[in-house]
Amino acid sequence: MTRGIDYGNLMHDAMRGLIRSVMEDVAQNGLPGAHHFFITVDTGHPDMQMADWLRDRYPEEITLVVQNWFDNLAVDPDGFAITLNFGNSPEPLYIPFDAISTFVDPSVEFGLRFELQGDEDEDEDDDSFDEAPMMEDAPSEEKSGEVVSLDKFRK
């Protein structure tokens, strides 16, 4: 198989870079105006760090809200650490960027959605695919026109 350009992964890397830049700005300057984030993450990701009771409660994914109260936001090249409040209990988390499945800022109607690695692996297993026939190869069908009256559907 010849080497190709993996546009999907390149796009995901660029979008994660955008999230990294946003989170770095928030870490330095706080959330501006009405901005807030809904971030859905894969809690089964091997580098995801969270309290055991939270992982037990959310074994597959959790949507985090970064809005009114958060603390200790620190960003590194691979993810970010943040402390969020869960039922009046501050909990430290570490979220790898590649564990994020959605990132939404509803204040400006902005959102990103990622296909996580498990979703992509299913597609990669099937290297054979059926090509759609070209127009000249497709069998031609004789189509007859039919007039349908909509009167019987009207009230």
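**Working chat on the predicted chain**

Q: How many helices and strands are there in the protein chain?
A: In this predicted model, the protein chain has 3 helices and 7 strands.

Q: And what pattern do they follow along the sequence?
A: Read along the sequence, the pattern runs α-β-α-β-β-β-β-β-β-α.

Q: What share of the residues is buried?
A: Of the 155 residues in the protein chain, 29% are buried. The accessible surface of the chain comes to about 11,500 Å², and carbon and sulfur atoms account for 49% of that surface.

Q: Which pair do Phe80 and Phe97 form, stacked or tilted?
A: Phe80 and Phe97 form a tilted aromatic pair, at 6.0 Å centre to centre and with 45° between the planes. Because Phe80 lies in strand 4 (residues 79-85) and Phe97 in the loop between strand 5 (90-96) and strand 6, this pair ties together parts that are 17 residues apart in sequence. Phe80 is buried at 1% relative accessibility, and Phe97 is buried as well, with a relative accessible area of 2%.

Q: OK, now the surface. Which residues form the nonpolar patch with Ile5?
A: Ile5 forms a nonpolar surface patch with Tyr7 and Leu10, and together these residues have about 360 Å² of accessible area. Ile5 is found in the segment before helix 1 (7-29).

Q: Why does Ile5 count as exposed?
A: Ile5 counts as exposed because its relative accessibility is 54%, and exposed means over 50%.

Q: What does Gln49 touch, leaving out residues up to four places away in sequence?
A: With those left out, Gln49 touches Arg55, Pro92, Leu93 and Tyr94. Gln49 itself is found in the loop between strand 1 (37-42) and helix 2 (52-57).

Q: And how far is Gln49 from Ala81 in space?
A: The C-alpha to C-alpha distance between Gln49 and Ala81 is 8.8 Å, while the two are 32 residues apart in sequence.

Q: Last topic, backbone. What is phi of Asn72 and where does Asn72 lie?
A: Phi of Asn72 is near 55°, a positive value in a residue other than glycine, and Asn72 lies in strand 3 (residues 71-76). Most residues other than glycine have a negative phi.

Q: What about phi of Asn88?
A: Phi of Asn88 is near 65°, again a positive value in a residue other than glycine. Asn88 is found in the loop between strand 4 and strand 5, and at 73% relative accessibility Asn88 counts as exposed.

Definitions and conventions: Residues are numbered from 1 along each chain as its sequence is written. This is a predicted model: local features need pLDDT of at least 70, side-chain atom pairs count only at pLDDT 80 or more; totals for chains, interfaces and linings use all residues. Side-chain values use heavy atoms; hydrogens and water are left out. Helices (H or I, at least four residues) and strands (E, at least two) are DSSP runs, numbered from the N terminus. Contact means heavy atoms within 4.5 Å. Buried means under 20% relative accessible area, exposed over 50%, partly exposed in between (1.4 Å probe, protein chains only). Accessible areas come from the Shrake-Rupley method with a 1.4 Å probe; for residues, only the protein chains shown count as cover. Patches are made of residues with over 30% relative accessible area and no salt bridge: like charges are joined within 9 Å, nonpolar side chains (Val, Leu, Ile, Met, Phe, Trp, Tyr) within 5 Å. A salt bridge is a side-chain nitrogen of Lys or Arg within 4 Å of a carboxyl oxygen of Asp or Glu. Rings of Phe, Tyr and Trp (its six-membered ring) pair if their centres lie within 6.5 Å; planes under 30 degrees apart count as stacked, over 60 as edge-to-face and the rest as tilted.
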